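Reader: I am new to this structure. Please take one part of it and go through that part closely, then show me what lies around it.

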Amino acid sequence: TTDPDSKWQDKRLREALEYALDREAMAATLGQGFYVASSQIAPGTEWGYIPGLPTRDYNPERARQLIQEAGYTIPVPVTLLIQSVPASIDAGEAIKGYLDEAGFNVTLDIADPGRFFGSVFGFGWDDCVQMFYGMDVTYLMTYISWFSSTPKSNLASFARTDYQLAFDKEAVKIVSVEEQIAATEDIMKHLYEEARFTPLWWAPAATVHADYVHHNIYRHGFIRVDWENVWMDK
């Protein structure tokens, strides 16, 4: 959406993308019972989840209708950038299957890690990219780090809305936890209503440790372990 001439500037096409996907089926099969399908950007246990938010559930007929309302001829060509690792390839093939049935024509662009992450964080991608974004939207800081107008890790082809630009200036000033939670819900609602993301599923994490080892590792962040907060019994 950084390209002003991109077809994805049309919100109807972005919505059609989501209506085309059966997240429940993909999560159940690809995750072998462990993935949790997600119809919102944040899961139900975390900040940013909005109870009762109207979501775009699987409806391929609605996807086709939106494509035609947007003035596009079916099938709409789409390039989907994915990583050249088995789990991503499986996910990409499943996504392609659903999108192709709903009025798109997907070409999978399978990239090695260097080109994939160089595209995501550096020089951008053509249409869509299937990727993770680390930890849950547990804190307002997670939004600031990934999706704000001054992010820690820039998503190269993801444009920020005017609403975000105004929100970001105020969000960094919020001190109280209650106000931070409310702000996180506010910005997640905006991004979802604008169809800036197509949520797919959550992959639960796990650790293995001896009984005498203690940690709060799930509070540490994305790829970081605060070893000073890992301790052992005497």
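Author: Val177 lies in helix 8; helices here (H or I, at least four residues) and strands (E, at least two) are DSSP runs, numbered from the N terminus. The model is predicted, so local features need pLDDT of at least 70 and side-chain atom pairs count only at pLDDT 80 or more, while totals for chains, interfaces and linings use all residues. Residues are numbered from 1 along each chain as its sequence is written, and side-chain values use heavy atoms, with hydrogens and water left out.

Val177 has a relative accessibility of 43% and counts as partly exposed. That term covers the range between buried, which is under 20% relative accessible area, and exposed, which is over 50% (1.4 Å probe, protein chains only). Between Val177 and Gly44 there are 18 Å in space, C-alpha to C-alpha, and the two are 133 residues apart in sequence.

The next element to look at is the partner of this helix. Two packed helices are described by the angle between their axes and the distance between the axes. For helix 7 and helix 8 the angle is about 170° and the axes are 11 Å apart; axes are lines fitted to C-alpha atoms, for helices over the stretch in contact, and angles run from 0 to 180 degrees between N-to-C directions. Helix 7 and helix 8 are therefore roughly antiparallel, a label for angles over 145 degrees, with under 35 counted as roughly parallel, 65 to 115 as roughly perpendicular and the rest as oblique. On the helix 7 side, Tyr163, Gln164 and Phe167 make the contacts; they meet Ala183, Asp186, Ile187, His190 and Leu191 of helix 8. Contact means heavy atoms within 4.5 Å.

Which residues of helix 7 are buried? They are Gln164, Phe167, Asp168 and Ala171. Viewed down the axis of helix 7, these buried residues fall within an arc of 105°, so they line one face of the helix; the arc is that of the directions from the helix axis to the C-beta atoms. An α-helix has 3.6 residues a turn, so residues three or four places apart point the same way. Asp162 and Lys169, on the other side of helix 7, are exposed. The cover over the buried residues of helix 7 includes helix 6 and helix 8.

Arg56 lies over the face of Tyr192, 4.1 Å from the ring centre; the rule asks for NZ of Lys or CZ of Arg within 6 Å of the ring centre and within 35 degrees of the ring normal.

Most residues other than glycine have a negative phi, and most peptide bonds are trans. Ala195, not a glycine, has a positive phi of about 55°. Its relative accessible area is 5%, so Ala195 is buried.

Gln32, in the loop between helix 2 and strand 1, has a positive phi near 50° and is not a glycine. At a relative accessible area of 67%, Gln32 is exposed. The peptide bond between Ile74 and Pro75 is cis, with omega about 5°, and Pro75 sits in the loop between helix 3 (60–69) and strand 2 (76–83).

Aromatic rings remain. Rings of Phe, Tyr and Trp (its six-membered ring) pair if their centres lie within 6.5 Å; planes under 30 degrees apart count as stacked, over 60 as edge-to-face and the rest as tilted. By this rule there are 11 aromatic pairs. In one of them, Phe116 and Phe117, the ring centres are 5.0 Å apart and the planes stand at 85°, so the pair is edge-to-face. Phe116 is buried at 0% relative accessible area, and Phe117 is partly exposed at 27%.

Phe158 and Phe197 form a tilted pair, with 5.3 Å from centre to centre and 40° between the planes. Phe158 lies in the loop between helix 6 (140–146) and helix 7 (162–171), and Phe197 in the loop between helix 8 (177–193) and strand 5 (201–202), so the pair ties together parts that are 39 residues apart in sequence. Phe158 is buried at 7% relative accessibility, and Phe197 is buried at 17%.
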